[in-house]
Amino acid sequence: MIRRSFLLALTSAAMLGGCAYTAANADQPNGDSAPQVPKNIIMVVADGMGPAFTTAYRNYQDDPDTPQVESSVLDDILVGAASTYPAQESGFVTDSAAAATALATGIKSYNGAIGVDSDKQPLESVMHRAKAQGMRTGLAVTSQIVHATPASYVAHNESRHNYDELAESFFDFRVNGEFVADVMLGGGTQFFERKDRDLVAEFIDNGYEYADTYNRLAAVPTGSQVLGLFAPVGLPPALDDTRQNRLSYLTEQAVKHLENDKGFFLLVEASQVDWAAHANDIAAAMAEMHDLALTMAYLKDYVKQHPDTLVILTADHSTGGLTIGADGDYRWSPEYIQNLKASTRAIAANMGEADKPGEFIASQLGFELNDEEKRHFDDLKKANKVERYTALKAFIDGKTNTGWTTSGHTGVDVEVFAFGAGAAALAGKMDNTHIAHTIFSMLARGGSQQQPASEKPVKATNSNPNCDYKSDWRCQ
Ligand SMILES: [Zn+2]
């Protein structure tokens, strides 16, 4: 029951954090007297995390011994909701590329677009602007660092699938002669260490520290420029990684290297909530949510000590059409996914080698199976990996009574969370582009006050620092 007490510990930490946050703002009605222009901005994207995921997570980490459902670490930082639709030619349901382009640049584009508009023209991102103003910049993600969300903040490409080209852009594309990101942490050696071009070597030659394990990253001197790639593509799922808290760890490491007098912009992505949801895998989705929750708990603590920092969290879209309860049954039973010893995908893969698959499944899921259930898995021994994974997910969906409507995305609005300096600018119902507009506006009013790039390498957006966002939130 180690995992259980771990969850409970986080719950109490979250509640303490929540109280402290409220107390810090008690003498600052609406946060008005808090600094409105942050020195540091940390943008967190939880890929695929529609509202059902945050509710499911609250239930997942609930203490069943108390009558109330305990708040999650996200509950007291909720400030609004955002629409996510892409540019008109792509309809109402966005992909991660169009949504990330909207969040990064304030401009809606077509599904698949990385930092380019509908005419495939490059757009300036908030990370580019931060860099142009002399701030330090970075990203910490659990996907490959050239995946749609981080790529949209750093690069420009007509297609999210051009991973090799995107990796080259991470090195070749500069803002005022400087690399776009000082710190890049995530997966993706496959795209950076290639036969035709070794971008890792090029970054090292240009002064970057390189780390390919979490422990080596911990040894990098504070304040370095760092490239950290810890897997060929994406990082292992939280449940299978050597560090189940890998996102909070990478976030903490990134902040350590980014802190400086002129401020920093950091993009953090809980990339694999989306991947778990595409697979309709509730156990994996909640494990990724837990890593995100640890990250937010760390960031709450950080803002308490650094009130000049703004943290924003949102999702790019919802994935999977998750429902809490299914098939007319008013029940959701997360206790069946709280004690897994590995990801469902790994358990399904490994059961093929087990003498008694039913017993093996019971030991890996962490709860007793009846004889009929064990026989069901014994009979699956000869099935292939995909069939076994599908059967295990169906079994867990039945136990937990979890519903899914799609293997893709849905067009539902997503929640927006914010705390710290200037968080009040993100209240209420907004479009996802408003988040980028707000950040551009803050960068224009604050930061290092340095002159923006004289020879802008990228097309300027329609973000206008003089715009009154209250009367014209699009600022067009
Ligand atoms: Zn997705």
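First, two housekeeping points. Residues are numbered from 1 along each chain as its sequence is written. Because this is a predicted model, local features need pLDDT of at least 70 and side-chain atom pairs count only at pLDDT 80 or more, while totals for chains, interfaces and linings use all residues.

Let's begin with the whole protein. It has 17 helices and 16 strands; these are DSSP runs numbered from the N terminus, with helices being H or I of at least four residues and strands E of at least two. Of its 476 residues, 51% count as buried, meaning that 20 or more other C-beta atoms, placed from the backbone, lie within 10 Å of the residue's own.

Ten strands form an open, mixed sheet in the order 7-8-6-3-9-1-10-15-2-16, where two strands pair if DSSP finds at least two bridges between them. At the edges stand strand 7 (209–211) and strand 16 (428–431), each with a single partner strand, so one side of each has no neighbour in the sheet. On average, neighbouring strands are turned by 15 degrees against each other, direction ignored.

Please look at strand 3, residues 136–144. Is strand 3 enclosed or open? Nine of its nine residues are buried, so strand 3 is largely enclosed by the rest of the structure. Strand 3 runs parallel to strand 6 (residues 183–187), joined by four bridges, and G138 has V183 as its bridge partner there. Strand 3 is also parallel to strand 9, with six bridges between them, and R136 stands opposite F264. Helix 10 (residues 246–258) lies across strands 3, 6, 8 and 9, running at about 165 degrees to strand 3.

On to the helix pair. How do helix 14 and helix 15 pack? Helix 14 (residues 357–365) and helix 15 (residues 371–378) meet at about 110 degrees, with axes 7 Å apart; axes are lines fitted to C-alpha atoms, for helices over the stretch in contact, and angles run from 0 to 180 degrees between N-to-C directions. That makes the two helices roughly perpendicular, a label for angles of 65 to 115 degrees. Helix 14 contributes P357, G358, E359, I361 and A362 to the contact, and helix 15 contributes E373, K374, R375, F377 and D378; contact here means C-beta atoms, placed from the backbone, within 7 Å.

Technical notes. Parallel < 35°, antiparallel > 145°, perpendicular 65-115°, else oblique. Contact = placed C-beta atoms within 7 Å. Buried ≥ 20, exposed ≤ 12 C-beta atoms within 10 Å, placed from the backbone.
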